[in-house]
Each structure stands twice: as C-alpha cells, then as structure tokens.
Amino acid sequence: MIGEEPSKIRTREAAEHDFVVRALRAVDVSAADANDVADVLVAADLRGVESHGIARLETFYVRRIEAGVVNARPTYTTISDRPTQFALDAGNGLGHPAGKFAMGKAIEKARENGLAFATVRNSNHYGIAAYYAMMALEHDMIGLSMTNSTHLAVPTFGAKKTTGTNPIAVAIPAREHPPFVLDMATTGVTFGRLEVSERKGKALKAGWAVDGEGRETLDPRVAKTVGALLPLGGYGTDGGGHKGYGLGALVDILCGVLAGGLFGAAADVPEIGMHGGIVGNFFGAFRIDALRYADAFERDLERELRTFENSAPMPGAERVIIPGEPERANTERFRREGVPIDPKVWEGIDTMAERLGIEKLERFTVD
C-alpha cells in the first residue's frame, strides 16, 4: 500500500483488533494468544503493509487451525535458557505469540547482560518482522528480528525454489528523532505483494518474479501458482541478486538450521497450503550502554539520520526518507482517518464472520 492511495473503505483500529480476537477465539485460541495476533495484524495494516494484516487472518491462521495443522493451544518447550541465549519450541502454535514471548525473553536477558539472542522452531507465520524488532525500542534497546518461511524464491542462477522471503528487521532508538526501523524481505518483493497485485488486477514489475521455467513473468497468478520470487537484486549478479540470495540463505541458516527447525527441502511446501510447524525465527536485543554511553549514541544517530534527510534528493524526488518513515506516517494517518481494507478482503472476512457465527467488522467509507 505504501506509495499508492489506500482503499476508501475503512475500519477503526480498535474495531479491527476486536474482530481479529473474536475470530480466533471462535476457533479456540486463548484470549492472550488472540490478543497477541491481533496486535501484530493491526500494526501491519496501520503501517500500510496490507499483505500481512487482516488479509491473512483466515487463510494463514483460522483455516489452518480448523484443519488441525496448526495448534490453537500449543505447549511451549524451552530448549535452552542461558544468561544471553534462549531457544524455544513453539509447539506448532501461532507464530505471533511465540515471537512476542521469545523476543520478550531476549529483551529481559539483554537488560541484565547487555545483549541476548533467542531462536524459535516449530512455529508458524508471525506477521511483520518489524513488530518484534520494535519491541526493543520501548526499552531503549536495539532490536533484531528474522524469520524463514516456506520456499518462495529461486537462488541466483537457479530455477527451483530454495528459500523463502526471509525478512530481516532492525529497530534502533534515536533520542528525540523517530527511530530507524528497517524491515525488508531478502527477495525483491514479498509473496504478499503477489497476492495484493492479483487482488487489485495489477501486473508485476520486471525483476520481481519468474514462471515455472525460470523466465520472467509479470503475471501475479503465474508467479503465485507455478513460479517463484527473485532474490533482492533480481536476475544473476549484475544487479546484485547474489547479495539478496546470500542474505536469504543467512536467515534460513539462523532461523532453520541454528534454531533446529525445518530448512532446505523440508520447507518446500505451498505458501497457502494446509501445513504447520514450518517456520523458525531468530531474535536479538542489544542494550546500547553495553557498548557505549546511550546518550552519546542516540545523539550521534540523530545526527546521522538528519544527514540522510538533509541530503540532496535526486531529480523528481521531493526529499530523501529514512527507513520506517513511510510506515510511521501511515500509522499516524490511519489512526486518524481509519484503517483501509481492500474491498476483496472485506468480502472474505465478511464470509468468514458468517461462517464462524461472529459479528462482522464495522466499516465506514471516506470521501
């Protein structure tokens, strides 16, 4: 949604949160876990990342719980609990509560020991990576969040999918300046962007995806069903595609191999299929004053970010922005004007509400 005018059909933040909770409670998710999921999905829609918001509620969460492939009430198992490390088996439960729990552990340990890392295995889709990294900001820490996924992308010079979109998110506090928040897939775009493009009837951009034989395609349906995403940087090495591929492989190693979860051929399943326990996560929290005086760091980071903002823009551009700025602006706007939801998504969640026997999500239209 970032960079284009959002849907005029809106709902309020609190109403969306309540609806997500009610839908998940209808399939026996605990109140605490349902609230965690709602927190992350609403944050995604507020930030303008509509591919990871309420649009995924039914297909990725409700339907998989109903099919019995994701546990509505999982049992967590602590694999390792040390002063600066924590490893969790999420019991094939929803990814958002497990992610919040593990990131919370990393923050707690970093508060005592300066820094800490946590891994999660046997989990599921956890929404936007930025949410977990940004949890550290409330504690004046640097936050790190990564996740692997089902196979969606081809490697450089490859024709078969071997990694997911495998995002990396980092959040860093900057004194009086808004924080630096980087949330990026290691593919050129996410699978969700293919879904959004198909829903809106828009062609893909060159360099985003290939068909089943490794040839470029601009058709989102082809890319979704038989094709694959390209790594960040696109084809081959000329545009830096090998760098995106390398970053994606790194995330898979930390979230799959190091976490003791699924990776490689074991994760080669359809993104929208009925499966669970595929996903692993890696989290980090860093207390700034473990490395240098926090005030000095945040003062210097503020100067660094101002340098970017005050640098000369390219012809045709209004100004230079910093990572996280568009999403922050969206959040402020949508809290004021209402959260936009695509008409086709509305149709789906209305149908789901009827099927689950819950009240439909409130809506209104803006001019």
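Analyst: Let us begin with a definition: Ala, Val, Leu, Ile, Met, Phe, Trp, Tyr, Cys and Pro count as nonpolar, whereas Asp, Glu, Lys and Arg count as charged. The model discussed here is predicted.

User: What makes the lining of the largest cavity partly charged?

Analyst: The lining of the largest cavity holds six nonpolar, no polar and four charged residues. Among the residues closest to the centre of this cavity are Asp 45, Glu 50 and Asp 342. Asp and Glu belong to the charged class, so these three residues count as charged.

User: Why is the second largest cavity called a cavity?

Analyst: The term applies because a 1.4 Å probe fits in such a space but cannot get out. The volume of the second largest cavity is about 40 Å³, and the search of the whole structure finds two cavities of 30 Å³ or more.

User: How do you know which class Gly 164 in its lining belongs to?

Analyst: Gly 164 lines the second largest cavity.

User: What makes H2 stand out in the lining of the second largest pocket?

Analyst: Helix H2 (31-46) gives the most to that lining, with four residues. Helix H5 (129-134) and helix H10 (325-337) each supply at least two. The pocket itself holds about 380 Å³ of space.

Key: Residues numbered from 1 in each chain as written. Predicted model: local features only at pLDDT ≥ 70, side-chain atom pairs only at ≥ 80, totals over all residues. Heavy atoms only, no water. 1 Å grid on protein atoms, 1.4 Å probe; cavity = no way out; pocket = protein on both sides within 12 Å on 5 of 7 lines; lining within 4 Å. Points joined across faces, edges and corners; volume = space filled by probe spheres on them.
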